[in-house]
Amino acid sequence: MEQAKSITEPAKIEVFRLARAIETIAQSDGDYWTDIPALSLHRRSLPTEPLHCIFNLGLGVVAQGHKQALVDGHVNTYGPGQSMVTTIDLPVISHVTQASFVKPLLGMMLTLDPRLVQEVAADMKLPSPSRRQECRTLSIEALDAPLASDLVRLVSLLGESSTLVSRLAPLLQEQIVVRLLLGPHGPQLQHLVSDGTPSQQISKAVSWLKQNFAQSLHIDTLATQVHMSPTSFRQHFRKMTGTSPLQYQKRLRLQEARQLMLSQHLDAGSASGLVGYESPSQFSREYSRLFGAPPQADVRRLHRL
């Protein structure tokens, strides 16, 4: 189990300010998609059941409460003032472990643009990471006060006019990327954007899978596309994502089908066909295996949450 690191007193003050800024907008339980497209805010008043999901490339912060993320059997715990960076779209089992009506979980997620990370890293002329250095696709570090202060400014910006949001949000997001690259998360992000590293090659494969998950998957062809041998591709893919390419594709299909049934009220047969399944019965079996219930029962349960 990876335990969350401790934070300094100045950072604690900024994290308290961040919690209040989030609470100003997230006044009841739910997920809040904001006028800053990359930024979402989250509030929960009770612990939640473990939920299969995919964490995108981004920065997640808990300002109040505690969460856990299970990745390939490893438990990652993080709480107030802890920053979590994922450098690739990662299948996880996530849940809120500590929250109450008096002290709800308050958190935020900032999706990172890989092109921006790459451009900023290039402008800063940062040294390439060592090939011998371990690449972690999920890392948890303590927030420092300057980064926490930038996050407070970003969330607080949501109360300003749309003109200010559109002009200032990109500047703040770039500033946050600079701090991340220079901080303890920096080596992991540099692996992502350094030419020729396995991290960058697997990241390209994951991007292709996200855009083409409904297509038939040919591992050797995908490995060739990212300039890796099939054997090396399989090894590095599993090391980075905790699963095989085929299992990863299956997870993408099932997650998308679940979202279609929730948001567009599709039945299981229609959703399964749209995400690439030819057999509704196979879809139902694999859906039940992943989410713990048949499609319709699972969707009814989610609507009640």
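A salt bridge here is a side-chain nitrogen of Lys or Arg within 4 Å of a carboxyl oxygen of Asp or Glu. The count by this rule is 16 salt bridges. This is a predicted model: local features need pLDDT of at least 70, side-chain atom pairs count only at pLDDT 80 or more, and totals for chains, interfaces and linings use all residues. Residues are numbered from 1 along each chain as its sequence is written, and side-chain values use heavy atoms, with hydrogens and water left out.

**Links between helices**
- Arg258 pairs with Asp298 in a salt bridge, with the closest N and O atoms 2.9 Å apart.
- This pair links distant parts of the chain, 40 residues apart: Arg258 sits in helix α9 (residues 245–263) and Asp298 in helix α12 (residues 295–304). Helices are DSSP runs (H or I, at least four residues), numbered from the N terminus.
- Arg258 is buried at 6% relative accessible area. Asp298 is buried at 0%. Buried means under 20% relative accessible area, exposed over 50%, and partly exposed in between (1.4 Å probe, protein chains only).
- Asp150 forms a salt bridge with Arg179, and their closest N and O atoms are 2.6 Å apart.
- Asp150 is in helix α3 (residues 145–156) and Arg179 in helix α4 (residues 162–182), so the pair ties together parts 29 residues apart in sequence.
- Asp150 is buried at 2%, whereas Arg179 is partly exposed at 34%.

**Within one helix**
- Lys12 bridges to Glu9, the closest N and O atoms being 3.2 Å apart.
- Both lie in helix α1 (residues 9–25), three residues apart, which means about one helical turn separates them.
- Lys12 is partly exposed at 40%; Glu9 is exposed at 53%.

Conventions. Helices (H or I, at least four residues) and strands (E, at least two) are DSSP runs, numbered from the N terminus.
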